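Subject: Handing over a structure

Dear colleague,

I am passing a structure on to you, with my notes on what was found in it. Please look at it first and then read on.

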Amino acid sequence: QGQLRFPIHKEDPLKVFEDVKAQIDMIKVSPEPIIRHKILNFAVLQSGLPKPTIADLALDAFGKVTAMLSNVPGPLETVHILGQPLEDLTFYCVAPLGLYFGIVQYKGNFKVGICCDAACEPEPMKLAECWGPAFE
C-alpha cells in the first residue's frame, strides 16, 4: 500500500504521468508495506489485544483508501482455458472504495475496468468515456 499525491495542477499529461511514476517507483522500494504487515500480523496473532481493537488497527492500517489503480500485464499471446481460447480479459476489485481503475493488458490491448461509488460519481460512464481519448 502506498499513498500518492496526484499532481492535478499540471496541465501536461506526460508531466502528470512522470510525477506519478516517480512516486510509484519510490513506493516500490519502500519498506513501509512490509513494516505495516509485520505490525498488523503481531497485533492479530501475538498481542492479545481485544478483537475490536485489532479490527480498528486493521482499518487504520489498510482501510483509508479512497481510490485505487491496478495495472496488470497480461499475456501477449492468446491463452486457453480448458482448451478454449480466451477472447478477452478484465478484472475488478471488489472492495469498499470510492473509485477503482483496473488496467489489464491482454494480447497487446489495454482494457480498463472502472468501479465507482455512486456517491462519488452517479454516472461512472462519464469516466469510461474519457478513457479512449486520454490515450489518443
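**The sheet and its helix**

Helix α4 (residues 125-134) lies across β4 and β5 and runs at about 160° to β5. Helices (H or I, at least four residues) and strands (E, at least two) are DSSP runs, numbered from the N terminus; contact means heavy atoms within 4.5 Å; and axes are lines fitted to C-alpha atoms, for helices over the stretch in contact, with angles that run from 0 to 180 degrees between N-to-C directions.

Before going further, please keep in mind that this is a predicted model, in which local features need pLDDT of at least 70 and side-chain atom pairs count only at pLDDT 80 or more, while totals for chains, interfaces and linings use all residues. Residues are numbered from 1 along each chain as its sequence is written, and side-chain values use heavy atoms, with hydrogens and water left out.

The open sheet has three strands in the order β1-β4-β5, with mixed pairing, where two strands pair if DSSP finds at least two bridges between them. At the edges stand β1 (67-73) and β5 (109-116), each with a single partner strand, so one side of each has no neighbour in the sheet. From one strand to the next, the twist averages 10°.

Strands β1 and β4 run parallel and are joined by seven bridges, and S70 stands opposite G102 in β4. Strands β4 and β5, by contrast, run antiparallel and are joined by eight bridges, and here V104 stands opposite K111 in β5. The hairpin of β4 and β5 has two residues between the strands, and in it K107 takes a positive phi near 55°.

Is β4 mostly covered or mostly open? It is mostly covered, since six of its eight residues are buried, where buried means under 20% relative accessible area, exposed over 50%, and partly exposed in between (1.4 Å probe, protein chains only). Q105, which lies in strand β4 (residues 99-106), is buried, with a relative accessible area of 17%. Leaving aside residues up to four places away in sequence, Q105 touches V72, P73, G74, P75, L76 and F110.

**Salt bridges**

A search of the whole structure finds four salt bridges, a salt bridge being a side-chain nitrogen of Lys or Arg within 4 Å of a carboxyl oxygen of Asp or Glu. In one of them, the side chains of K111 and D88 meet at 2.4 Å, N to O. K111 lies in strand β5 and D88 in the loop between β3 (84-85) and β4, so the pair ties together parts that are 23 residues apart in sequence. K111 is partly exposed at 32% relative accessibility, and D88 is partly exposed at 42%.

Another salt bridge joins K10 to D19, with the closest N and O atoms 2.9 Å apart; K10 counts as partly exposed at 30% relative accessibility, whereas D19 counts as buried at 13%. K15 and E18 also meet in a salt bridge (3.9 Å, N to O), and because they are three residues apart in helix α1, about one helical turn separates them.

With kind regards
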